[in-house]
Amino acid sequence: MLELAAMETDPHKPLRQDVRLLGELLGETLRATEGAQLLDAVEHVRRVAKTSRARADRDFRALATELEQLPVAAAIPLARAFTHFLNLANVAEQHHRIRRRRAYLRDPSSPPQRGSSEETFARLVRRGISPADLHQAVCSLQVELVLTAHPTEVSRRTLIHKHNRVAQLLAEGDRPDLTVPERTELQAALRREILAAWKTDEVRHQRLTPIDEVKSGLIVFEQSLWHAVPRFFRSVDRALVSVTGSALPLHVSPVRFGSWMGGDRDGNPNVTPDVTRRATLLARWMAADLYLKEIEALRDELSMNDATAALRARAGDAREPYRELLRGVRTRLVATRAWIEKTLDSDAGSDEPGSDVIFERAGLAEPLQLCHASLVETGHELIAGGRLTDVLRRVAVFGVTLAQLDIRQASDRHTEAIDAITRALGLGSYAEWDEPARLEFLARELQNPRPLIPPGLSPSPDVRDVLETFRTIARTAYESLGSYIVTMTRQASDVLIVELLQKEMGVERPLRVVPLLETAADLRRARHILDALLAIPWYRARINGLQEVMVGYSDSAKDVGRLSAGWELFKAQEAIVEACRRHGVRPLLFHGRGGSVGRGGGPTYLALQSQPSGTVDGRLRVTEQGEMIQALFGLPEIALRTLEIYTSGTLESWLVPGGAPRDGWRDCMERLSSDACSSYRHFVADEPTFPDYFRSSTPQAELEEINIGSRPARRQAGAGLAGLRAIPWQFAWTQTRLLLASWLGLDEALERAIDRGEIDELQAMYREWPHFRSALDLFEMVLAKADARIAAEYDRQLVPDSLRPLGEAFRDRLSRAAAALLKVTGHQHLLESNPVLRRSIDVRNPYVDPINLVQIEVVRRLRQGDHDPRLHDAFVVTVNGIAAGMRNTG
């Protein structure tokens with residue numbers, strides 16, 4: 001169906017064909033299951049929505065009026081139809097990325113793909129990195145991708161599975177050798193998947209539990225990453241051999257995975273110590289189950305009897321020594337899986353594991369390495385380089401846990417726990433002590449061998465939860481856990497207090513304790529916090545030369561706006577690296593990026609290239625959240641490309657970092673940041689009517705009532721805007737398509753700079769400074785996605801007259817922001833340099849517009865007290881549809 005020549009002449013024709021095919025099959029499904037009336041209504045609304053984009057207000061007003069008058073029974077299937085089409089279009093686009101990559105790789109005349117291992121390694125050598133240094137760098141590279149649950153991940157997992165199967169069928173349809181019967185069956189299979197999706201309820205009627213989120217995350221490992229990782233490492237190995245002449249050692253793993261699912265208890269009372277225990281066991285069970293399948297296949301393959309003396313000594317007199325040795329591995333994996341199942345079935349834990357249970361990576365790797373060495377030494381290197389090498393690569397990446405689980409908790413919860421202890425001991429209130437007193441107490445107790453916690457302590461439920469969490473850490477196998485993240489770290493004692501709690505609860509191999517700096521004020525204190533910590537001899541000895549620090553993109557952007565937050569993060573990273581190096585320790589930066597631009601999201605390679613010079617030191621941790629996990633890792637081919645981009649981008653940023661900003665550019669950024677922050681906070685923090693406008697113009701209140709993630713939308717009940725998490729804050733503005741939280745402040749910052757006569761400097765910064773260019777390119781994407789007309793309709797229907805001038809001011813600022821940005825970039829229109837994304841947005845808009853209009857009417861009826869239970873389902877359908885059209889939630 002797909003010829004390479006056709007791809008060369010019109011690379012997007014196959015995508016249009018796929019979208020047309022899926023749209024036709026969806027139409028057939030609607031006609032067959034709901035009747036011609038729904039299909040006719042969908043086509044009518046689509047045509048009007050499309051013409052309204054060209055003829056503006058007249059057709060748009062007619063469409064809005066028509067949809068306002070729909071009964072809820074008619075609105076739900078209409079919104080569902082548009083939502084399903086957008087989801088299918090997303091599947092087609094994702095598959096088209098894979099198709100274009102494969103077409104590119106099939107062409108022997110094509111140069112290596114930009115960002116691939118082959119292209120990156122060769123380019124680095126051309127830029128002066130010696131082959132030996134490059135090999136050493138790749139072998140010492142440490143990229144950890146930490147997957148987190150998302151409180152606004154809207155798609156049900158069962159629908160994601162169906163969409164993945166649609167993608168697989170589209171891939172099968174690209175085969176040029178399909179017979180007519182095979183193509184007929186393929187279309188029938190597509191019809192079945194689309195019908196099954198249409199007949200699936202997209203509304204969650206129960207809130208997800210943390211364990212649901214854990215299981216959902218593990219499916220990504222089972223269905224995608226497990227298959228992508230060995231393929232990725234084969235490509236790295238080939239490129240290394242080609243460029244440096246040396247292979248990638250089997251035990252080396254430039255990329256690994258972490259998780260927060262089941263460990264992130266910050267503001268989520270549903271994540272209990274038992275949830276954490278079960279999360280680690282479920283991950284181990286999945287790993288054992290996956291390895292068991294591989295060992296069975298290896299036993300089938302390794303039937304030869306040529307073996308080294310070392311292997312024969314382990315296998316005894318068996319005629320097939322490899323099979324005999326692997327039989328023991330299989331026995332241990334079966335025992336491991338059985339013990340985990342027994343432990344999961346018991347609320348109180350289980351019996352002590354037998355000696356057959358595999359707890360550590362080395363226990364699985366050792367016999368496999370012995371088999372590999374024997375095959376190589378006996379002349380069977382080709383066989384050793386097959387499945388056995390793939391399994392060893394997986395062991396290096398996944399260990400026996402798939403991903404190490406981080407624990408995250410808020411600093412004030414730890415303070416509350418120690419305060420309860422000091423009060424019980426008659427030492428006074430720890431919470432009331434100043435920082436020097438806290439540090440003196442903590443440093444003393446960390447080196448005191450006697451227990452601190454009194455036997456008769458009767459803690460409150462919150463304190464008991466904190467103590468039990470540390471007791472769970474102490475009882476959990478070390479390789480299951482990663483770091484301990486301290487949310488809202490404000491001072492050095494917030495880190496030491498966790499070290500003390502680990503000591504007191506018997507954690508024999510303490511976790512790394514990681515300060516998370518989130519607000520702008522906390523980011524500015526980075527140097528002070530680290531200087532105080534690293535000046536403590538006990539602490540310096542404890543961290544063994546490595547200081548991990550997490551920087552939060554979400555809360556800082558909610559605090560001061562995206563432009564100012566980006567600059568504060570830039571400076572904080574520089575300060576962290578400088579402080580660590582001054583104290584003789586290596587820094588490890590952990591980037592808490594979200595999916596949306598307003599929470600630090602955006603293209604990965606661009607983000608890596610825009611980091612401050614010298615801050616990417618061969619080590620990187622970064623979160624990937626919610627719907628981005630599916631977008632980046634949901635299909636093996638996409639996951640492979642994601643791994644390429646992360647490792648290549650990190651390597652390049654490390655070995656050939658960008659230059660520091662020119663003289664004067666920092667001062668210019670300070671002025672931009674100050675102006676942007678003042679403008680942003682003038683509205684969000686200081687304008688007394690803003691909270692009411694936010695609540696009335698967005699569906700934020702309604703979003704809090706639907707079953708999306710396990711984590712509450714607020715850290716504390718009530719607490720106004722300050723207590724609202726950054727993710728639902730972004731989510732609400734994304735739904736209305738104003739995207740206010742992602743760009744507010746940019747307008748005034750750029751306008752004032754232009755008025756000061758700094759346009760030439762801004763344009764030079766855009767051309768030559770990766771950080772500034774990345775920031776403006778992301779703003780450009782946001783402004784292209786924003787839609788003032790849709791946002792105005794939310795105001796017209798939902799906002800009281802007295803608050804509407806505020807919305808008018810925001811829409812005016814949206815227009816001004818776009819105009820100012822175009823002056824700086826020199827573009828004639830938004831996304832001029834990215835026509836593919838521009839077209840994608842333009843194609844989607846006529847399908848998203850009707851969903852927004854239905855949502856507005858549903859919210860209006862809900863707020864008027866309409867108790868029709870179907871309105872709730874209608875609202876959820878519109879949330880899903882808008883998220884699909886915008887390609888992200890929060």
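Let's start with a polar contact: the side chain of aspartate 406 meets the side chain of arginine 621 at 3.0 Å. Keep in mind, everyone, that this is a predicted model.

So where does aspartate 406 sit? You'll find it in strand S3, which covers residues 404-410. Is aspartate 406 buried or exposed? Its relative accessible area is 0%, and buried means under 20%, so aspartate 406 counts as buried.

Strand S3 belongs to a closed barrel of eight strands, in the order S1-S2-S3-S4-S5-S6-S7-S8, and the pairing is parallel. On average, neighbouring strands in this sheet are turned by 25° against each other, ignoring direction.

How many bridges join S1 and S8? There are seven, in the parallel sense, between S1 at residues 142-148 and S8 at residues 619-625.

H20, residues 493-504, lies across strands S4 (481-487) and S5 (512-517), and runs at about 150° to S5.

Last stop, friends: asparagine 845, in helix H40, which spans residues 835-863. With a relative accessible area of 10%, asparagine 845 is buried. Which residues does asparagine 845 touch, not counting those up to four places away in sequence? The answer is Arg53 and Arg737.

That's the tour, and I'm happy to take questions!

How values were computed:
Residues numbered from 1 in each chain as written. Predicted model: local features only at pLDDT ≥ 70, side-chain atom pairs only at ≥ 80, totals over all residues. Heavy atoms only, no water. Pairing = 2+ DSSP bridges. Helix = DSSP H or I, 4+ residues; strand = E, 2+ residues; numbered from the N terminus. Axes fitted to C-alpha atoms, helices over the stretch in contact; angles between N-to-C directions. Contact = heavy atoms within 4.5 Å. Buried < 20%, exposed > 50% of the residue type's maximum accessible area, 1.4 Å probe, protein only. Polar contact = N/O pair within 3.5 Å; in protein donor to acceptor, adjacent residues only side chain to side chain.
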